[in-house]
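I opened the model to look up two things.

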Amino acid sequence: MDLLQPSKTEVDFTTGRLSRADYTIQRKLSDMAAMYADRDEAARILADEGDRLIYEVQGVELPEQEGQIPHCTTRILPGDVGGEFHMTKGHYHARREQGEVYFGLSGRGLLLLQTEAGATSEIEMVAGSAAYVPPFWAHRTVNIGAEDFVFFSVWEARAGHDYGTIERDGFRKLALRRDGEAAVVDNPRYG
Ligand code: PAN
Ligand code: ZN
């Protein structure tokens, strides 16, 4: 295992910007249009309004070695696609036995979780919420507010990201805008 030097990153709670980001990932609607329940509406937005930024991740990259603790911020922009709130792709950890901690920095979000055995859970997050993603739970975050939803994540370097399972099956639950609030409903197309 590498002996790294201690380091520090300043985090802007409102924008999620890191003073020292090793990488920035931008996910646009065109990257994940098929993940929204209303694919027709996603296609219509892309055709009529053009692409839009859904979320942005900035992180500190570390070697994929036991005990290294990568961390990043995620900023999800407000909005919805056919009533389904802007969200991350969501994933299981490739090593299912690795958990994660999320810490809310600003805005309002929902953390949707599910297991392969069929359990589901939703956790509301605001600034100051420390949410625990236990091993074996897939996780997706959703912006249910009118401002950016920004949070900080910390995980173990060997966790890895399995996006394929969610790309194939979707999430069991959808977070929809209903009367201006968030409603979590069963995904009729799951699986
Ligand atoms: C988070 C996520 C981040 C973006 O850091 O990677 O919020 O979501 P997606 O990875 O689903 O696009 C995390 O859970 N890391 O393991
Ligand atoms: Zn994760």
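My entries follow.

This is a predicted model, where local features need pLDDT of at least 70, side-chain atom pairs count only at pLDDT 80 or more, and totals for chains, interfaces and linings use all residues. Residues are numbered from 1 along each chain as its sequence is written, chains are lettered from A and ligands numbered from 1 in the order written, and side-chain values use heavy atoms, with hydrogens and water left out.

**Metal site.** I looked up what holds the zinc ion (ligand 2): H91 (NE2), H93 (NE2), E100 (OE) and H139 (NE2) coordinate it at 2.1 to 2.3 Å. Donors here are N, O and S atoms within 2.8 Å of the metal (3.2 Å for Na, K and Ca); water is not among the atoms, so sites may look incomplete. I found 6 donor atoms with angles of 75 to 173°, an octahedral site. Six donors count as octahedral if opposite donors are over 155 degrees apart and all others between 65 and 115. H91 sits in the loop between β5 (84-85) and β6 (92-93) and H139 in strand β11 (residues 138-143), so the pair ties together parts 48 residues apart in sequence. Strands are DSSP runs of E, at least two residues.

**Burial.** I checked H91 and noted it as buried, at 9% relative accessible area. H139 is buried too, at 1%. Buried means under 20% relative accessible area (1.4 Å probe, protein chains only).

**Core.** The largest nonpolar core has 34 residues, and M125 is among those with the most contacts inside it. Such a core is a set of buried Ala, Val, Leu, Ile, Met, Phe, Trp, Tyr and Cys residues joined through side-chain atoms within 4.5 Å. β8 gives the largest share, 4 residues.

Notes
Tetrahedral: all angles 85-135°; square planar, octahedral: opposite > 155°, others 65-115°. Buried < 20%, exposed > 50% of the residue type's maximum accessible area, 1.4 Å probe, protein only.
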